[in-house]
Structures are given as C-alpha cells and as structure tokens.
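Opening the notebook for a quick look at strand pairing and charged contacts. Here is the model I had on screen.

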Amino acid sequence: MPDTEVPNLTAAGALDGTELVHVVQSGNSRRTTTLDVASLASAATTVDVVSNVTSGTLLGRTASGSGDSEELDQAAVLTFLGVEAGATADQTASEIATAYNSQVAQVSGGEITAGTETALRTYAPADIVAFVAAHGGGGGGDTAVEDDDTQILAAATTLNFTGTGVTVTDAGSGQANITIPGPATPPTRIVSATAYTAALADANGIINGNNASEIAITIPPESSVAFDVGTNIILTQIGAGKCTFGGDTGVTVNVEANFNASTAAQFGSIVATKYGSDLWVVQGRLEASA
C-alpha cells in the first residue's frame, strides 16, 4: 500500500516476535525483529515494569537478593526504616508527657522506705520529702549554714543542730530561731577536808580549799579519770591552810624552778593544766621553795 498514511494502515494483530522493525544503529539503517527488541529492553533494565499498584503501598524490596519489586505496606515500610509504629515528628509537650507517664510508674511508699529502687520512677515533691525523711539526707555529717538573708525553705520546718544547749524552733513563714547558749558557769567545789582527789566534774572548774590546815589535792592517773588534754583546774586558798597539787602514782606534776605546787598565801590561786598523758603543769601565785 504505497503512499498510505499511518492512521490509515490496517491494524496489526498480536505480535509473534518475528515481525521486522527498522532501527538506526551507528548512523546506518538496520532491520531486526520485535522479539530482539523486547529481549534487549528486558536485559537493559533492573526495574520491572509494574502497573495496578495497591493503594497505601510503596514499591520496594525487602526480600534478600535482587529481584522484582514488592508492594510494601505501612508496617513493612516502618520496619525497613527502623521507625516505631505510631511515631510522629510533631508531638506536643503534653503528648510526650502522656507517653512518658504511660511507661514510667510513680514511686511507691514501699520503694521510698526501702531506698533500694533502681528502676526509673516518677517522684512527686511529697515523695522526695518522704524519701529524705526516711533516709536522713543520705549519709549524715555536719552541714555549714550561712545566713545571707535568703529563704531556703518553702515552708516552716525544724532544723537539728548538735551541741550542748543548742535549740531550734519553728518561727513560721519558713524561718527558724536558733538559740545558742553562752559560756556555762564553771563548776565550783568547796573542799574542807585535808585531802581530796580531783574528779572529772572538776575539769575547767574551781576548787576552793577552806581549812586551817594544809589541803592536798591529788590528780588521778588518766587510766582512772580521763581528763582531756588542755583541761584546767583552778585551786584557790580560802582558809588559813595552804592548798597543794600533787600527782597520784604515775602522774607527773611539773612546777617552775624554786617554787612548790602550792598557794603562796590565803586567797591566792594556782592552776593545774594537763598538757599530755599523765603530765600536768602548775602555775600561778606559787609558794617559793625553801
């Protein structure tokens, strides 16, 4: 059919692969068959031609090795990408808090008391207060407190201070009153007998000797009465008889040369000071040795 336009050509039937087609190769016209063209197209590509893809799926391949494309549903795509199901990139703070609280339990009273819980738990402010109360702040020890006029407590409480006579009371509004007593009055003892052995209660105190005859004050060994190093015992002569310090067996009482460990006159005072184990020194208005 010479000079027939393409639209007017007779429609071809099913191709069987033997039909000849015209191709241009390296500038030269060549002939080949439809079967050769189809084989060339198949060998030149690694992506198969797919139609009728199911809605809600993506094309890919999760099977091992090379092969045809597969339709991947949402679960398969998330697994392939390593993304958890339900994850979003635009969660609000409240959504994150809700997700966190659904996974983390609040600490229980038993866990607070035991103090051994290591799993992740949520602690309300009251839980933290209860934990500190149950475990004493975690180890004890002294804590220095400096007054800078800053209120460090949200509510009134009681602070515990160690020390003789120190008291702390709640003053309200998050404040506390701390009472620290002044120096205590030194212990005073009147000795009327001619002999007396110092006791621990006489440490840093005053012994008033009141007798017409000499009064001997004996300092006991450390094994008997454990006076601290630095302890002072003042001895005052009230009566006419002089007062003298002396050491018990194993105790050394030292005194300045040419003086005795005795009072020099009525109403005079001397003091014995412990400076080592069973070692004492006496000084003051001492009696001169003969």
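Is Lys 274 buried or exposed? I found Lys 274 buried, with a relative accessible area of 3% (buried means under 20% relative accessible area, exposed over 50%, partly exposed in between, using a 1.4 Å probe and protein chains only).

Notes on the source: this is a predicted model, where local features need pLDDT of at least 70, side-chain atom pairs count only at pLDDT 80 or more, and totals for chains, interfaces and linings use all residues. Residues are numbered from 1 along each chain as its sequence is written, and side-chain values use heavy atoms, with hydrogens and water left out.

Salt bridges next. I took one as a side-chain nitrogen of Lys or Arg within 4 Å of a carboxyl oxygen of Asp or Glu, and the count came to 4. Lys 274 makes one with Glu 222, with the closest N and O atoms 2.9 Å apart. That pair links distant parts of the chain, with Lys 274 in strand S15 and Glu 222 in the loop between S10 and S11, 52 residues apart (strands are DSSP E runs of at least two residues, numbered from the N terminus). Glu 222 is partly exposed at 31%.

I also looked up Arg 189 and Asp 202, which meet at 2.7 Å, N to O. Asp 202 is buried at 4%, while Arg 189 is partly exposed at 29%.

Then strand S10. I saw Ile 215, Ile 217 and Ile 219 on its covered face, and Ala 216 and Thr 218 on the uncovered one. Ile 217 has Phe 245 in S12 as its bridge partner.

Technical notes. Helix = DSSP H or I, 4+ residues; strand = E, 2+ residues; numbered from the N terminus. Pairing = 2+ DSSP bridges.
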